[in-house]
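Good morning, everyone. Please bring up the model on your screens, and we will walk through it together.

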Amino acid sequence: MDLSASLIPGPDYMGLTATIILWPLGTALFLLLFGKRLSTFKVGGREIPWAGVIAVLTLLRSFVAAVAMFVDIVGVELAEGAVGHGGANVENARTFTVHMFDWMQVGGFAVGADFLIDQLSVVLALVVTGVGTLIALYSIGYMHHDPRFHRYFAYLSLFASAMLMLIFGDNLLVTFVGWEGVGLCSYLLIGFWFERPAAATAAKKAFIVNRIGDFSFLLGMFLLVAAVGSLKIEDINAAASGGQISGGIATIAALLLFGGAVGKSAQIPLYVWLPDAMEGPTPASALIHAATMVTAGVYMVARMGPVFLASEGDLALTVVAWVGALTALWAALIACTEYDIKRVLAYSTVSQLGYMFLANGLGAFSGGIFHLITHAFFKALMFMGAGSVMHALANETDMRKMGGLRKVMPITGATFLLGWLAISGIVPFAGFWSKDAILAAAWEQGEYALWGIGLFTALLTAYYMSRLYLRVFEGPLKHDPDVHPHESPWTMWVPLAVLGGLSVVGGAINLPWDLRLEHFLTPVLGEFEVPHGATAWILAGVALCVAVSGIALARFLFLTQRGAELRARLVTGSWLDKLLTASRNKFKVDEVYEATIQRPGHRFAMFSAYKVDAKGIDGVVNGAGALVAWLSDGVRRLQSGYVRNYAALFLLGVVVLLSALILRVGPLG
Amino acid sequence: MSEVPPGFYLALAGLMFTIGAVGALVRRNAIVIFMFVELMLNAVNLAFVTFARMRGNLDGQVLVFFVLVVAAAEVVVGLAIIVSIFRRRASADVDDVNLLKW
Amino acid sequence: MTLEMVVFGVTFVVALGSSLAMVFARNAVHAALFLVIAQVALAVTFLLQGAYFVAALQIIVYAGAIMVLFLFVIMLLGVDKRDALIEPLPAQRPLAVGLGALLAAEVIYIVFKGIDLVGDAGGEAITALNRDPGNVLAVARVLFSRYLLPFEATSILLVVAVVGVMVLTRRISDVADLQTPEDLPAGAPVKEIAV
């Protein structure tokens with residue numbers, strides 16, 4: 001015990017936090033200001049721009065700092081017996097608050113630029129910096145032809161900084177700064193190729209839809225300030241679990257915070273921006289719209305867990321669970337018919353985020369975080385694999401023009417295979433463990449409806465991911481004859497390989513041993529019940545069977561002759577055809593939003609601009625001017641130019657003053 | 001010598017002042033207007049002298065002296081202006097000089 | 001009914017009468033002469049109240065010097081003809097008379113209200129001063145002690161007035177060319193007028 005404590009150097013959490021957050025920020029500023037002047041250098045006949053190298057090294061630096069922090073925390077935990085010996089010891093768990101400076105002090109209400117280092121934030125920082133480093137490395141290869149190369153890496157670094165600020169925020173305001181920062185970077189990266197109208201529109205859409213959620217988040221913060229008097233997460237959670245917030249207030253606050261999460265994490269009804277966000281560069285989609293930013297909502301809900309738990313009759317948690325489950329199912333249904341490779345992955349992301357919220361809604365916060373981490377691995381992997389495919393096929397995204405690519409792109413194909421098996425839930429890949437944990441938690445709590453939805457979604461997931469994989473990598477080659485696909489350069493396949501490895505073994509972090517993820521996070525997130533013994537094995541077996549049947553169904557439909565015939569024979573007008581058509585049209589949600597919100601909003605704006613503003617407000621303003629002019633026209637006649645008029649007014653003044661003197665009114669009285 | 005109450009003198013001063021004011025308003029000849037101003041100043045002088053008597057000291061009488069000096073200076077300058085205007089416009093009517101307006 | 005009362009009554013009537021006559025005199029010279037009468041009447045009231053030196057000044061400076069200046073200017077300008085008594089400004093006369101009536105009423109009201117507030121020391125103090133050391137000497141003592149600084153200031157005022165008059169009435173060589181802008185044909189350059 002003493003030995004392990006002495007081996008670990010005294011934690012310089014201030015320095016580590018500053019390194020993790022501020023280095024990417026500094027890099028972003030540097031690249032924005034000077035990135036254009038940076039040159040390139042050659043490695044193995046390939047031009048590699050310095051801007052990318054700087055960004056990768058910065059993120060690597062942050063990753064190393066995060067690892068140091070993690071090792072330190074684990075060491076302290078082990079030394080103090082907070083974990084290990086078959087369970088977590090909440091009392092001995094340690095968290096650290098890094099106080100950078102006082103941000104604002106208004107009366108008794110103080111907010112500091114404080115950062116919270118605990119088990120949860122460190123784990124997520126590892127994911128963000130680790131995956132971020134890999135994606136930045138990948139981006140060097142993927143973006144090397146782009147004229148705005150340096151700007152891309154500046155945004156990427158800025159994103160990393162903001163995301164880390166979000167994670168480490170000790171109070172909701174610091175978290176909110178990061179929250180808005182990642183939103184901004186998301187906007188900038190979706191609209192990175194702003195010459196394309198689709199990209200510019202998608203960026204605006206993402207920004208505006210996110211703004212709805214952010215507004216809700218802000219309202220939640222206001223309510224919590226009013227109820228608790230502090231924005232410090234620890235204070236709020238302590239007040240919530242200590243019963244100082246009434247159940248009703250807690251419900252409203254929790255639902256408002258969840259509203260923010262719904263926007264950021266693309267849940268029903270605000271999920272519509274994420275598929276469109278695929279207009280951005282693919283590595284950015286991998287990092288922001290799959291692995292990290294969109295999971296911020298999951299993280300936030302887990303972080304504010306006590307507020308949700310304090311809700312009256314578990315209403316908030318029930319809402320979270322059902323929104324998550326329905327989103328998972330809804331997005332999976334759309335993903336089944338989508339032909340754009342990136343959009344399939346986007347809907348898949350929405351669906352998987354739904355799983356995470358389902359876990360949160362069941363109170364299984366660490367289960368949600370577990371799925372968040374494994375999902376970050378395999379979804380980032382698949383996005384980058386899709387990017388690799390697009391790279392090879394001259395930016396083709398239509399799956400109907402792909403096929404058999406495993407032969408020409410062996411590494412991409414192999415790593416994508418790993419990701420596919422992971423998300424489908426095949427043992428022992430990462431996705432199996434985390435998804436199984438969520439479904440098991442649902443079963444254990446008797447939420448059989450949620451469990452059923454989750455299981456059916458798992459079937460759909462296995463089906464549509466298999467459809468994607470089989471269409472792209474198996475079967476005959478279908479691409480245009482004048483395109484010559486090739487394996488990607490090492491900067492692109494090395495990250496793929498690393499993430500592929502993590503997709504395989506990532507589930508191991510929650511295998512039953514002392515320092516497993518759940519135990520590690522227990523001091524922050526609490527524990528949740530999972531079934532034991534035979535039930536656990538049966539549930540896992542059922543999930544596995546479902547996954548296998550989904551894959552088998554896809555294999556039958558897309559790789560066998562009879563399947564192809566079956567698809568061709570699909571009767572037009574049958575219920576299945578109607579369902580598929582509706583799914584292909586994304587259930588017309590965008591159209592409904594346009595009709596119910598966008599068009600009335602536009603009409604209202606036009607009315608405001610041309611009626612209220614041009615006639616009403618301008619009328620008042622111009623009317624005030626006209627009134628003054630009219631009055632002046634009358635008053636100026638006093639200024640007649642006749643001296644005797646002035647003298648008469650003079651006399652009038654004297655008379656008035658004397659009258660006041662006599663009547664004793666005014667100052668003379 | 002104090003049989004006439006001072007109020008009568010002050011009333012006389014007030015009436016003369018009023019006549020001077022009204023005259024200055026109704027007459028148009030600049031020189032005549034000036035004369036009414038002089039009349040008003042004289043009325044004020046009467047008030048000063050009466051105040052001196054009422055208070056039993058000579059400050060009021062001394063003030064008359066100052067009013068006199070100011071009136072003299074004013075008359076000199078005022079008449080010079082009238083002469084100057086008359087040279088240009090051949091008129092002493094104040095209503096003819098009304099350009100300084102909106 | 002003492003002699004003093006009689007004298008005051010006569011003076012009162014003369015002063016007010018000549019003032020009113022000024023208002024109605026259509027000839028500026030007549031107005032000036034009525035003003036002289038009013039000033040002489042005022043000098044009598046000064047005498048009645050023991051202000052001998054001021055009464056003398058009133059006659060010499062006002063009725064003498066200043067009124068001569070007035071008459072001189074009237075003659076110089078050649079306006080010794082009758083003024084037109086038409087009123088081009090509407091409402092000016094009723095306004096003037098109305099305001100004047102109000103003013104007179106208010107002043108008299110204040111006078112008779114205010115005398116009780118201020119109190120009357122009576123004329124005895126002045127009478128005593130006139131007996132010893134004499135009116136002129138007493139006025140001089142006050143003027144050259146308490147009012148020395150204002151007295152010196154009046155000398156500056158007079159100098160300024162003299163200089164001002166010289167500047168105002170200086171003849172400019174091409175004064176004949178000077179015209180008001182209204183008289184000039186459109187577009188003609190307006191000459192800068194010295195002074």
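Let's start in chain A, in the loop between helix H13 (305-309) and helix H14 (315-335): that is where you find Asp314(A). Keep in mind that this is a predicted model. Asp314(A) has a phi near 55°, which is positive, and the residue is not a glycine. Is Asp314(A) exposed, partly exposed or buried? It is partly exposed, because 17 other C-beta atoms lie within 10 Å, and buried would take 20 or more.

Now a second residue of this kind. Asn395(A) is not a glycine either, and its phi is positive, about 65°. Look for Asn395(A) in the loop between helix H16 (365-392) and H17 of chain A. Asn395(A) counts as exposed, because it has 10 C-beta neighbours inside 10 Å, and the limit for exposed is 12 or fewer.

Next, the cis peptide bonds. In chain A, one joins Val427(A) and Pro428(A), with omega about 5°. Pro428(A) sits in the loop between helix H17 (410-424) and helix H18 (430-444) of chain A. Over in chain C, a cis peptide bond joins Asp132(C) and Pro133(C). Omega there is about 10°. Where is Pro133(C)? In the loop between helix H5 (124-131) and helix H6 (135-143) of chain C.

Strand E3 (residues 96-106) and strand E4 (residues 109-117) of chain A pair in the antiparallel sense. Take Val98(A): its bridge partner in E4(A) is Phe115(A).

On to chain B. How many helices and strands does chain B have? Three helices and zero strands. Along the sequence, the pattern reads α-α-α. Chain B has 102 residues, and 58% of them count as buried. Take the contacts in chain B between residues at least 6 apart in sequence: 49% join residues at least 24 apart.

Last, where chain B meets chain C. The contact takes 65 residues from chain B and 72 residues from chain C. On the chain B side, helix H1 (6-26), helix H2 (30-55) and helix H3 (59-89) each supply at least two residues. Which helix gives the most? H3(B), with 23 residues. By class, that side of chain B has 45 nonpolar, 12 polar and eight charged residues.

That is the tour. Thank you.

Definitions and conventions:
Residues are numbered from 1 along each chain as its sequence is written. Chains are lettered from A and ligands numbered from 1 in the order in which they are written. This is a predicted model: local features need pLDDT of at least 70, side-chain atom pairs count only at pLDDT 80 or more; totals for chains, interfaces and linings use all residues. Two residues are in contact if their C-beta atoms, placed from the backbone, lie within 7 Å. Helices (H or I, at least four residues) and strands (E, at least two) are DSSP runs, numbered from the N terminus. Ala, Val, Leu, Ile, Met, Phe, Trp, Tyr, Cys and Pro count as nonpolar, Asp, Glu, Lys and Arg as charged, and the others, Gly among them, as polar. Two strands pair if DSSP finds at least two bridges between them.
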